[in-house]
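Hi there,

Here is the structure I promised to pass on to you. My notes on it follow below.

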Amino acid sequence: MNRRRRMRPDLGFGTVVLLIVTALVMSAAGVFHAYLKNRQIKVARELQGVEDRISQYKLDITTLEIRLDDQLNPILLNDRLIEMSSDLRGIPPGMVEEVPAFRGEFPVASPLPGSRDSPPLPSTSLSTVASGS
């Protein structure tokens, strides 16, 4: 009985090392947790930015489609041509020629200019082409 009374409960070397290792592991886990949370917040902000840009691009596309529809409006287009004093005028319906749809057969074409099977092109200088002679 006296022997137990004399033994004091002190910490041994192994216990101190175990406590230090445990404290290091817990602090490293806390730092890692904070790092991961910060990365998660950064990624969420980046995703929000990308989503904002996508929605802005969709809005821009819609706006451009509306402006394009306005530009291609035949009545407004005719008014703009008249306002610009353009030489373009409407074509009477009787002048329009209907072209048959493609049936899958290619017409026999003449050889391309400059190929071996075609006759040589007449030589003209650039000055004659520019002058219109």
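The mean pLDDT of the protein chain is 81, and 70% of its residues reach 70 or more; pLDDT is the predictor's confidence in each residue, from 0 to 100. Confidence is highest in helix H2, at 96, and lowest in helix H4 (residues 126-131), at a mean of 49. Where pLDDT is low, the predicted coordinates should not be read in detail.

Some ground rules: this is a predicted model, with local features needing pLDDT of at least 70 and side-chain atom pairs counting only at pLDDT 80 or more, while totals for chains, interfaces and linings use all residues. Residues are numbered from 1 along each chain as its sequence is written, and side-chain values use heavy atoms, leaving out hydrogens and water.

On the overall layout, the protein chain has four helices and zero strands, in the order α-α-α-α from the N terminus. Helices (H or I, at least four residues) and strands (E, at least two) are DSSP runs, numbered from the N terminus.

Of the 133 residues, 2% count as buried, meaning under 20% relative accessible area, with exposed over 50% and partly exposed in between (1.4 Å probe, protein chains only). The accessible surface of the chain is about 13,500 Å², and carbon and sulfur atoms account for 63% of that; areas come from the Shrake-Rupley method with a 1.4 Å probe, and for residues only the protein chains shown count as cover.

Two local spots may interest you. Ile20, in helix H2 (residues 13-71), counts as partly exposed because its relative accessibility is 48%. Ser85 sits in the loop between helix H3 (74-83) and H4, and has a positive phi near 55° although it is a residue other than glycine. Ser85 counts as exposed, because its relative accessibility is 60%.

Best wishes
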